[in-house]
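This briefing is meant to be read beside the sequence and the coordinates. Please keep both in view while going through the points that follow.

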Amino acid sequence: MAKKLDPIEKARRAAERKAKSDEKKRLYREGVERRAAERLAKRIAKEEALVAARLARAQQREREYNEQLDIIYDMCLAVRNRKLTEYGRRKAGRMIGTLIFELPFRFIGWKSKSYMEARTFKKMTDGTTLAPTHEHVYPRQFDGEFLLCHMQTMGGMSRETFSKYIDIFRQTAHVLKQENMNLEQYQKAHRFISPEAAYLAAGVEVVQCEGGQTFHRLEEVAPQKVLHAFFGYRNHIEDK
């Protein structure tokens with residue numbers, strides 16, 4: 001027959017069991033909290049690393065972009081005082097425009113009506129491919145020739161004005177690939193007047209959508225003297 005414990009011993013053993021139970025619970029809570037803190041620290045470190053990596057990439061892209069701008073700007077300055085033939089002007093304009101074309105674009109929220117109506121970018125029943133594309137609203141050769149015209153007409157150009165021009169020439173719209181091809185003949189440097197005129201002539205109806213940047217026109221930056229010089233010279237060439 002088991003010996004009956006006296007109340008004092010019974011209370012002592014109960015206290016020991018409770019103390020052990022409380023210790024286990026404390027250790028368990030500490031372990032849970034420690035592991036949670038470790039996971040949080042790892043997540044924070046990972047997020048900080050991602051932010052730092054994104055910042056580094058953004059800074060690298062900014063450096064590369066500014067370097068590209070410096071190259072284009074220096075090319076424009078190099079031919080500022082040169083008397084270019086018609087061939088040389090067009091060749092230089094094409095080279096400069098191509099460099100501008102390779103810069104990151106700025107979507108201005110313009111989308112063609114056909115682009116908006118297309119529910120899917122697969123082939124339609126007639127075989128037409130509804131492929132979307134970013135279309136530069138100012139054509140590349142026009143960009144280069146206009147910058148050269150400003151340089152030679154005004155005897156130079158500030159870096160600030162140059163950057164404003166570049167922001168204008170980087171503007172793009174969303175159109176279908178076929179529409180982009182239709183626009184090409186109306187975006188030749190010797191025919192181009194304005195983005196709206198080219199879109200109208202090509203039969204491309206565009207609508208302004210949310211999510212794009214503000215559209216800036218060439219006339220916002222270009223002095224009237226340069227506009228007259230460029231379009232007047234171009235009309236003179238066409239009349240020959």
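Which residues form a positive surface patch? In this predicted model, the patch is formed by Arg34, Arg35, Arg39 and Arg43, and one of these residues, Arg39, lies in helix α1, which covers residues 7-78. The points below turn to charge pairs and then to the sheet.

**Charged side chains**
- The salt bridges in the model come to a count of 13, taking a side-chain nitrogen of Lys or Arg within 4 Å of a carboxyl oxygen of Asp or Glu as the criterion.
- One of the salt bridges joins the side chains of Arg12 and Glu16, with a distance of 2.4 Å from N to O.
- Arg12 and Glu16 are both found in helix α1, where they sit four residues apart, about one turn of the helix.

**The sheet**
- Four strands make up an open sheet in the order β2-β3-β1-β4, and the pairing within this sheet is mixed.
- The edges are taken by β2 (132-136) and β4 (206-208), each of which pairs on one side only.
- From one strand to the next, the twist averages 40°.
- In general, strands of a sheet pair through backbone hydrogen bonds, and the pairing can be either parallel or antiparallel.
- Between β2 and β3 (residues 171-176), the pairing is in the antiparallel sense and extends over five bridges.
- Within this part of the sheet, Glu135 stands opposite Ala173, a residue in β3.

Conventions: Residues are numbered from 1 along each chain as its sequence is written. This is a predicted model: local features need pLDDT of at least 70, side-chain atom pairs count only at pLDDT 80 or more; totals for chains, interfaces and linings use all residues. Side-chain values use heavy atoms; hydrogens and water are left out. Two strands pair if DSSP finds at least two bridges between them. Helices (H or I, at least four residues) and strands (E, at least two) are DSSP runs, numbered from the N terminus. Axes are lines fitted to C-alpha atoms, for helices over the stretch in contact, and angles run from 0 to 180 degrees between N-to-C directions. Patches are made of residues with over 30% relative accessible area and no salt bridge: like charges are joined within 9 Å, nonpolar side chains (Val, Leu, Ile, Met, Phe, Trp, Tyr) within 5 Å. Accessible areas come from the Shrake-Rupley method with a 1.4 Å probe; for residues, only the protein chains shown count as cover. Lys and Arg count as positive and Asp and Glu as negative; His and the chain ends are not counted. The place of a charge is taken as NZ of Lys, CZ of Arg, CG of Asp or CD of Glu.
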